[in-house]
Amino acid sequence: MKFTDCLKFAREIKGLSLGQAAKQSGVSKACIYQYEQGQVEHPSFVIVIKLADFYGIKLDRLAEQFRVD
């Protein structure tokens with residue numbers, strides 16, 4: 001599963017809209033949307049940590065999505 005899909009899936013599993021996820025996580029709605037759509041080429045580590053913590057995703061799971069083979 002790609003990073004973008006992982007974030008969207010985690011949000012949907014929690015049953016949250018973009019707005020709800022933004023309000024509860026402290027990350028802007030626009031930022032979450034851009035991350036989920038793959039519009040951010042180099043995601044901010046701080047934002048990734050915030051979202052991983054909020055969604056309960058282990059950082060090593062997300063880090064797998066950035067591996068270059």
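Reader: Is leucine 18 buried or exposed?

Author: Leucine 18 is buried, as its relative accessible area is 18%. Buried means under 20%, exposed over 50%, and partly exposed in between, with a 1.4 Å probe and protein chains only. Bear in mind that this is a predicted model: local features need pLDDT of at least 70, side-chain atom pairs count only at pLDDT 80 or more, and totals for chains, interfaces and linings use all residues. Residues are numbered from 1 along each chain as its sequence is written, and side-chain values use heavy atoms, with hydrogens and water left out.

Reader: OK, and which helix is leucine 18 in?

Author: Leucine 18 belongs to α2, residues 18-25. Helices here are DSSP runs (H or I, at least four residues), numbered from the N terminus.

Reader: What does leucine 18 touch?

Author: Leaving aside residues up to four places away in sequence, leucine 18 touches Arg11, Lys29, Ile32, Tyr33 and Glu36. Contact means heavy atoms within 4.5 Å.

Reader: Which residues of α3 are buried?

Author: In α3 (residues 29-36), they are Cys31, Ile32, Tyr35 and Glu36. Looking down the axis of α3, they fall within an arc of 130°, so they line one face of the helix. That arc is taken from the directions from the helix axis to the C-beta atoms.

Reader: Why would residues a few places apart end up pointing the same way?

Author: An α-helix has 3.6 residues a turn, so residues three or four places apart point the same way.

Reader: What do the buried residues of α3 pack against?

Author: They pack against α1 (3-13), α2 and α4 (45-55).

Reader: New topic: how many salt bridges does a search of the whole structure find?

Author: The search finds one. The side chains of glutamate 36 and arginine 11 meet in it, at 2.7 Å, N to O. Glutamate 36 is in α3 and arginine 11 in α1, so the pair ties together parts that are 25 residues apart in sequence. A salt bridge needs a side-chain nitrogen of Lys or Arg within 4 Å of a carboxyl oxygen of Asp or Glu.

Reader: And is glutamate 36 buried or exposed?

Author: Glutamate 36 is buried, with a relative accessible area of 7%. Arginine 11 counts as buried too, at 8%.

Reader: What about phenylalanine 45, buried or exposed?

Author: Phenylalanine 45 is exposed, with a relative accessible area of 59%. This residue is found in α4.

Note on methods. Helices (H or I, at least four residues) and strands (E, at least two) are DSSP runs, numbered from the N terminus.
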